[in-house]
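Hi,

Here is the structure for your ligand work.

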Amino acid sequence: AGKNAIITGASRGIGRAVARALASEGVNVGLIARSEENLKQAAEELKDVKVAYAAADVSNSEEVNKAVDMLKSELGSIDILINNAGIAKFGGFLELDADEWKNIIDVNLMGVYNVTRAVLPGLIEQKSGDIINISSTAGQKGAPVTSAYSASKFAVLGLTESLALEVRKHNIRVSALTPSTVATDLAYENKLTDGNPEKVMQPEDLAEFIVAQLKLNSRTFIKTAGLWSTNP
Ligand code: NJP
């Protein structure tokens with residue numbers, strides 16, 4: 001309680017559930033996504049903590065820097081960063097055109113880079129903090145239709161592992177989650193699930209895990225955690 005978090009992709013899906021779960025633990029939350037209207041709606045449902053939001057495309061470093069400055073001026077120094085914003089378009093290697101392929105890398109990899117770059121100096125200064133990056137099972141294993149998405153998510157794991165080892169001396173924990181399918185727009189758009197809550201992981205389940213992870217004694221950090229549906 002009383003800490004300040006930035007969550008990217010917080011207007012829908014996993015990011016919105018994480019914002020809700022952190023707020024219910026008394027964490028003040030700063031929300032980032034592209035759609036200001038959706039951010040406003042997500043912010044309005046959060047009560048009893050400080051809530052701020054800033055529209056930005058995470059692939060655009062100038063927009064990110066402005067958004068992070070704005071959220072810091074409303075919340076104060078940041079303790080927790082959840083790099084969750086991401087996109088997927090599945091299809092064969094030649095089916096995605098070069099712009100689509102690059103856009104997936106720009107959002108899923110450069111987005112993590114841009115927001116981390118904006119937040120990390122503050123964490124180093126205060127000598128504590130948590131960064132949790134949402135990668136994917138597709139970041140550990142390829143599939144016939146995921147070349148762009150897998151490339152971006154493998155890269156997020158490489159970034160995470162290296163940065164984790166670099167900054168743990170500052171008491172900063174950097175982790176990645178590699179969930180399998182979660183019932184969100186991204187999964188529906190790519191026809192990965194019908195979202196049946198009896199079977200497939202829900203955004204709230206990841207949020208519950210993230211809350212537990214953040215409560216771990218500060219001597220311990222989770223480098224990578226895989227979360228799977230029990231009986232999909
Ligand atoms: O996706 P969705 P999820 N700049 O579509 C925002 C990973 N994952 O919750 O910008 C800033 O419901 C978007 O808002 P808007 C996945 O790869 C998922 O499933 O206004 N924000 C919205 O708030 C991703 O990294 C599954 O459109 C941007 C949010 O991001 C993370 O989980 C499995 C943005 C996306 O909400 C969250 O995805 C897995 C940009 N350029 C990993 N582009 C799964 N669902 O099955 C999008 O292994 N957003």
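H6 gives the largest share of the shell around the ligand, with three residues. Helices here are DSSP runs of H or I with at least four residues, strands are E runs of at least two, and both are numbered from the N terminus. The model is predicted: local features need pLDDT of at least 70, side-chain atom pairs count only at pLDDT 80 or more, and totals for chains, interfaces and linings use all residues. Residues are numbered from 1 along each chain as its sequence is written, and side-chain values use heavy atoms, with hydrogens and water left out.

**Ligand**

The shell holds 31 residues. Arg34, Ser136, Tyr149, Pro179 and Thr184 come nearest. A residue counts as near if one of its heavy atoms lies within 4 Å of the molecule. By class, the shell has 14 nonpolar, twelve polar and five charged residues. Nonpolar means Ala, Val, Leu, Ile, Met, Phe, Trp, Tyr, Cys and Pro; charged means Asp, Glu, Lys and Arg; the others, Gly among them, are polar.

Which residues make polar contacts (N or O pairs within 3.5 Å) with ligand oxygens? The side chain of Ser136 places an N or O atom 2.6 Å from one. A backbone N or O atom of Val182 lies 2.8 Å from a ligand oxygen. For a polar backbone atom of Ser35, the distance is 2.9 Å. The protein covers 97% of the 890 Å² of accessible area that the ligand has on its own (Shrake-Rupley, 1.4 Å probe).

**Largest pocket**

The ligand sits in the largest pocket, meaning more than half of its atoms lie within 2 Å of the pocket's grid points. A pocket is an open set of points on a 1 Å grid over the protein atoms alone, where a 1.4 Å probe fits, with protein on both sides within 12 Å along at least five of seven lines; lining residues have an atom within 4 Å of a point.

About 1,200 Å³ of space lies in this pocket. Of its 48 lining residues, Gly86, Ile87, Ala88, Tyr149 and Leu186 are closest to the centre. H1, H4 (98–126), H5 and H6 each supply at least two lining residues.

**Second largest pocket**

This one has about 200 Å³ of space. H7 (203–215) gives the most to its lining, with three residues. The lining has six nonpolar, no polar and four charged residues.

Best wishes

Technical notes: Polar contact = N/O pair within 3.5 Å; in protein donor to acceptor, adjacent residues only side chain to side chain. Points joined across faces, edges and corners; volume = space filled by probe spheres on them.
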